[in-house]
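Welcome, and thank you for opening the viewer. Let us walk through this model one selection at a time.

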Amino acid sequence: KRAGLPWDILLGADAVRAFKPDPAVYDGAASLLDLPPREVMMVACHVSDLRAAAARGLRTAFVARPDEFGRGK
């Protein structure tokens, strides 16, 4: 909200009752939105999550979190 980015919806793995990297997470997101995977984007800070999403046809966006494990770690 604070960045002013236009979002349609935010979904978590709990929406499809599965956990990453289960393909049901990525397929389920597209299915819930009634969209083909190529029209859905997975935004994450973990490359492994993005690779799994891309393998299912989703678009991906990486967000760097330099202090994810604490400042300077």
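## First stop: methionine 41

Select methionine 41, which touches Arg59, Thr60 and Ala61 when residues up to four places away in sequence are left aside; a contact here means heavy atoms within 4.5 Å. Before going further, please note that this is a predicted model, in which local features need pLDDT of at least 70 and side-chain atom pairs count only at pLDDT 80 or more, while totals for chains, interfaces and linings use all residues. Residues are numbered from 1 along each chain as its sequence is written, and side-chain values use heavy atoms, with hydrogens and water left out.

Methionine 41 sits in strand 1. Helices (H or I, at least four residues) and strands (E, at least two) are DSSP runs numbered from the N terminus. Is methionine 41 buried, partly exposed or exposed? With a relative accessible area of 46%, methionine 41 is partly exposed. The cut-offs are under 20% relative accessible area for buried and over 50% for exposed, with partly exposed in between (1.4 Å probe, protein chains only).

Methionine 41 and alanine 29 are twelve residues apart in sequence, and their C-alpha atoms are 9.5 Å apart in space.

## Zoom out to the whole chain

Switch to a cartoon view. Along its principal axes, the C-alpha trace spans about 40 × 30 × 20 Å.

Of the 73 residues in the protein, 22% are buried. Among contacts with a separation of 6 or more, 14% are between residues 24 or more positions apart.

Accessible areas come from the Shrake-Rupley method with a 1.4 Å probe, and for residues only the protein chains shown count as cover.

## A nonpolar patch

Keep the surface on and select Leu5, Trp7, Leu10, Met41, Val43 and Val63, which make a nonpolar surface patch of about 600 Å². Patches are made of residues with over 30% relative accessible area and no salt bridge; like charges are joined within 9 Å, and nonpolar side chains (Val, Leu, Ile, Met, Phe, Trp, Tyr) within 5 Å.

Valine 43 belongs to strand 1 (residues 41-44), and its relative accessibility of 33% makes it partly exposed.

## Charges and salt bridges

Colour the charged side chains. There are 11 positive and 9 negative ones, and the centres of the two sets lie 6 Å apart. Lys and Arg count as positive and Asp and Glu as negative, while His and the chain ends are not counted. Each charge is placed at NZ of Lys, CZ of Arg, CG of Asp or CD of Glu.

How many salt bridges does the structure hold? There are two, where a salt bridge is a side-chain nitrogen of Lys or Arg within 4 Å of a carboxyl oxygen of Asp or Glu.

For one of them, select aspartate 49 and lysine 20, whose closest N and O atoms are 3.2 Å apart. Aspartate 49 lies in helix 2 (residues 47-55) and lysine 20 in the segment before helix 1 (23-33), so this pair ties together parts that are 29 residues apart in sequence. Aspartate 49 is buried at 11% relative accessible area, whereas lysine 20 is partly exposed at 40%.

Then move to aspartate 27 and arginine 56, whose side chains meet in a salt bridge at 2.7 Å, N to O. Aspartate 27 is in helix 1 and arginine 56 in the loop between helix 2 and strand 2 (59-62), so the pair links parts 29 residues apart in sequence. Both partners are partly exposed: aspartate 27 at 30% and arginine 56 at 36%.

## Backbone details

Return to lysine 20 and show the backbone. A cis peptide bond joins lysine 20 to proline 21, with omega about 10°. Proline 21 is in the segment before helix 1.

Where does aspartate 34 lie? Look in the loop between helix 1 and strand 1. Aspartate 34 has a positive phi of about 55° although it is not a glycine, and at 72% relative accessibility it is exposed.

## Last stop: helix 2

Finish by selecting alanine 54 in helix 2, a partly exposed residue at 42% relative accessibility. Its C-alpha atom is separated by 9.1 Å from that of arginine 38, 16 residues away along the chain.
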